[in-house]
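This report walks through one structure, topic by topic. Keep the sequence and the 3D view open while reading.

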Amino acid sequence: MQTNFFSQQFNAGSLAENSTACPANATICDGTSCVLPEDNFNQTLSVVLSTVLTIMLALVMFSMGCNVEITNFLGHIKRPWGIFVGFLCQFGIMPLTAFLLSLAFDILPIQAVVVMIMGCCPGGTASNVIAYWVDGDMDLSISMTTCSTLVAMGMMPLCLFIYTKMWTDADAIVLPYNSIGLSLVALVVPVSVGIFVNHKWPSKAKIILKVGSIVGAVLIVLIAVVGGILYKGSWVITPKLWIIGTIFPAAGYTLGFFLARLAGLSWNRCRTVSLETGMQNTQLCSTIVQLSFTPEQLELMFTFPLIYSIFQLLFALLILGGYRLYRRHHLKTTTDVEKTAQKEDSKSGAKINGGFVSDEMK
């Protein structure tokens, strides 16, 4: 029933858009995209790399936890204004943006659904690494990622029910609660160990943090490269999804930043919320897509999570580069009076947010 529902709606559109020839050995090909058969080498490589990347990710999150103060972290949980703003961005702005982009570009129903799934996913762990490099509020970043992953178990089905019913039945989308749960455990456990290490041995925690932040930066790039290699046969896809994959993360970063600023958050927290909003859990999106749709349907939208992943990383690196240039110039030109005013402004912002003054502003 699910296959018939979609095939009736997108067959005509997909045939009209077909113009690019797929490789001769493609198992699925309609022109707009194609999927090559997975060989034994790719299967072995995928298993090995998944194991290595999982271990590396756990170590990176452990190191990120080494930068979290338990009192500050609990302060965000007890006075969750920053977390609430992030919640509005994650499950308010992103699903609405996905819905509007799908309507604006008039994409096929099956493609609109995958865009919506991406918009409803919780924040990804890569945001914690980038937040560290832009001097973000790490306590807020970790708490936002944790809370969004936990809340996603209820908010994802709700958002998908609201926004996708014009294209498909909500029952057609399979949410892998076990994968969401594993993501939550993989985040909470190493971060908790890192917080404990920082509490007991703060000097050692700083060393672990420096090493982990570098490894994390390498890991983010490595994941993007590996995804491109493993799915190199699936890169023929309609230009509309490429455009959406470019606009979507940029809109998430921008809207997240401005909403956080309107909510009265300090600058470092605005950067944090921005990154948490734009950087989605693309791996979770890929899992949902593969569980929910047939191979014939996957050909029209399978690559979108990879496209989003690439552009969210690209824009994050641009944000990082721009911030580093600003910081270098700012440190050279800021007077002592301006520094004092900045401290007072950050303290007032912390008071409004019910949180604390970050180390950046002390």
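## Two annotated spans

The end C-alpha atoms of residues 112-134 are 33 Å apart, and this span is 74% helix and 0% strand. Residues 83-105 are 96% helix and 0% strand, with 32 Å between the C-alpha atoms at the ends. The coordinates come from a predicted model.

## The chain as a whole

The protein chain has 15 helices and two strands. Of its 362 residues, 50% count as buried. Among contacts in the chain with a separation of 6 or more, 83% are between residues 24 or more positions apart.

One pair of residues illustrates such a separation. Leu-96 and Gly-119 are 23 residues apart in sequence, yet their C-alpha atoms are 7.9 Å apart in space. Leu-96 belongs to helix 4. Is Leu-96 buried or partly exposed? Its relative accessibility is 39%, so Leu-96 counts as partly exposed.

## Nonpolar cores

The largest nonpolar core has 37 residues. Val-115, Met-116, Ile-117, Met-156, Phe-248 and Phe-304 have the most contacts inside this core. Two or more residues each come from helix 4 (81-104), helix 5 (109-120), helix 7 (138-164), helix 10 (239-262), helix 12 (282-292) and helix 14 (304-333). Which helix gives the most to this core? Helix 5 does, with nine residues.

Leaving aside residues up to four places away in sequence, Val-115 touches Ala-98, Ser-102, Ile-107, Leu-241, Ile-244, Phe-248 and Phe-304. Another core, of 24 residues, lies apart from the largest one, and its members include Met-61, Val-134, Tyr-253 and Leu-320.

## Aromatic residues

How many aromatic pairs does the structure hold? There are nine. Tyr-132 and Trp-133 form an edge-to-face pair, with 5.6 Å from centre to centre and 80 degrees between the planes. Trp-133 has a relative accessible area of 24%, so Trp-133 is partly exposed.

Phe-257, Phe-258 and Trp-267 make up one aromatic cluster. Trp-267 also has a charged neighbour: the charged end of Arg-261 sits over its ring, 3.8 Å from the ring centre.

## Two loop residues with positive phi

Asp-106 is in the loop between helix 4 and helix 5. Its phi is positive, about 50 degrees, although Asp-106 is not a glycine. With a relative accessibility of 60%, Asp-106 counts as exposed.

Asp-135 is in the loop between helix 6 (126-133) and helix 7. Asp-135 is likewise not a glycine, and its phi is positive, near 55 degrees. Its relative accessible area is 21%, and the cut-off for buried is under 20%, so Asp-135 is partly exposed.

## Confidence

The mean pLDDT of the protein chain is 75, and 69% of its residues reach 70 or more. Over residues 335-342 pLDDT stays under 50, and the model has four contacts beyond four places in sequence for them. Residues 344-362 also stay under 50, and for these the model has 34 such contacts. Where pLDDT is low, predicted coordinates should not be read in detail.

Methods
Residues are numbered from 1 along each chain as its sequence is written. This is a predicted model: local features need pLDDT of at least 70, side-chain atom pairs count only at pLDDT 80 or more; totals for chains, interfaces and linings use all residues. Side-chain values use heavy atoms; hydrogens and water are left out. Rings of Phe, Tyr and Trp (its six-membered ring) pair if their centres lie within 6.5 Å; planes under 30 degrees apart count as stacked, over 60 as edge-to-face and the rest as tilted. Buried means under 20% relative accessible area, exposed over 50%, partly exposed in between (1.4 Å probe, protein chains only). A charge sits over a ring if NZ of Lys or CZ of Arg is within 6 Å of the ring centre and within 35 degrees of the ring normal. Helices (H or I, at least four residues) and strands (E, at least two) are DSSP runs, numbered from the N terminus. A nonpolar core is a set of buried Ala, Val, Leu, Ile, Met, Phe, Trp, Tyr and Cys residues joined through side-chain atoms within 4.5 Å. Contact means heavy atoms within 4.5 Å. pLDDT is the predictor's confidence in each residue, from 0 to 100.
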